[in-house]
Amino acid sequence: DRTEVIADWNTHTVGGSDSEKVPSDICYDESGLPSKWGFGLKDEDNPLRWAKLLLSPLSLTNMTSSEERVVEATRLQLKKLRKTVVEVISDYLRFLWRHILERLRIRLTAPALDNMALKIVLTIPAIWDHNAQEQMLSAARMAGMLEYRSCGQNELTLMAEPAAAALATYFDSEIKLNPIVKVGPILEYAYVDGQLTDDRSETLL
């Protein structure tokens, strides 16, 4: 199997159009409606940045002073716009999801895409608690990622960022060709109600 990267972003940044990553930035117009996102923003657009970090206090530890200023600016913007973190994340994900579907229609053709059930994986910080995960799932639903499709229901999964990075490295490199590397269970650790717990997931490197 071959991994294909969705890009072709609307951008003001040189080289940004082909980037494998897009900033999680979004801004709103004077009416409070989402207007720009990702690479399409400039600093003067007063964008909200890193909104998803506000879903869990654990994400805000060990931040530099400059990072704290970014988060505080987003907090002030949320208050000014009278929006919740989940609403802002859903607005961003809606932009992102529409872009992904548009690019897939071009690559696969509309009939092929319309008859294809999709599996969606959203990566999240490994330290997120259950409440933060549920809020992210709620934002994804609000963004339309699980809307009914005639070919079947889309499947949405959350994956910890370290696990996602490990899997990406495995599938996008020649590591999987090494006979020493075996597929087995992943042991994931998480803090639940202040206690360190472990949970085995489906696959591992």
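Modeller: The model is predicted, with local features requiring pLDDT of at least 70 and side-chain atom pairs counting only at pLDDT 80 or more, whereas totals for chains, interfaces and linings use all residues. Residues are numbered from 1 along each chain as its sequence is written, and side-chain values use heavy atoms, with hydrogens and water left out.

Colleague: Which residue has its side chain joined to that of Asp25 by a polar contact?
Modeller: Asp25 is placed in the segment before strand S1 (26–28), where strands (E, at least two residues) and helices (H or I, at least four) are DSSP runs numbered from the N terminus. A polar contact is a pair of N or O atoms within 3.5 Å; within protein, one must be able to donate a hydrogen and the other to accept it, and residues adjacent in sequence count only if both atoms are side-chain atoms. At 2.9 Å, the side chain of Asp25 has such a contact with that of Arg49.

Colleague: Is Asp25 buried or exposed?
Modeller: Buried means under 20% relative accessible area, exposed over 50%, and partly exposed in between, with a 1.4 Å probe and protein chains only. Contact means heavy atoms within 4.5 Å, and, not counting residues up to four places away in sequence, Asp25 touches several residues, including Trp37, Leu41, Pro47 and Tyr92. Because its relative accessible area is 9%, Asp25 is buried.

Colleague: Against which element do the buried residues of H1 pack?
Modeller: The buried residues of H1 are Val71, Thr74, Gln77 and Leu78. They cover an arc of only 115 degrees around the axis, which puts them on the same side of H1; the arc is that of the directions from the helix axis to the C-beta atoms. On the other side of H1, Arg69, Leu76, Lys79 and Lys80 are exposed. The buried residues of H1 pack against H2.

Colleague: Where is Thr109, which has a positive phi although it is not a glycine?
Modeller: Thr109 has a phi of about 80 degrees, a positive value in a residue that is not a glycine. Its relative accessibility is 44%, so Thr109 counts as partly exposed. The place of Thr109 is the loop between helix H2 (85–108) and helix H3 (110–114).

Colleague: Which loop holds Asn46?
Modeller: Asn46 is not a glycine, although its phi is positive at about 55 degrees. With 42% relative accessibility, Asn46 counts as partly exposed. Asn46 is found in the loop between strand S2 (34–37) and helix H1 (65–81).

Colleague: Which residue takes a positive phi just after H1?
Modeller: H1 has 17 residues and reaches 24 Å from its first C-alpha to its last, close to the 24 Å expected at 1.5 Å a residue, the expected span being 1.5 Å times one less than the number of residues. Just after H1, the positive phi, of about 60 degrees, is that of Arg82.
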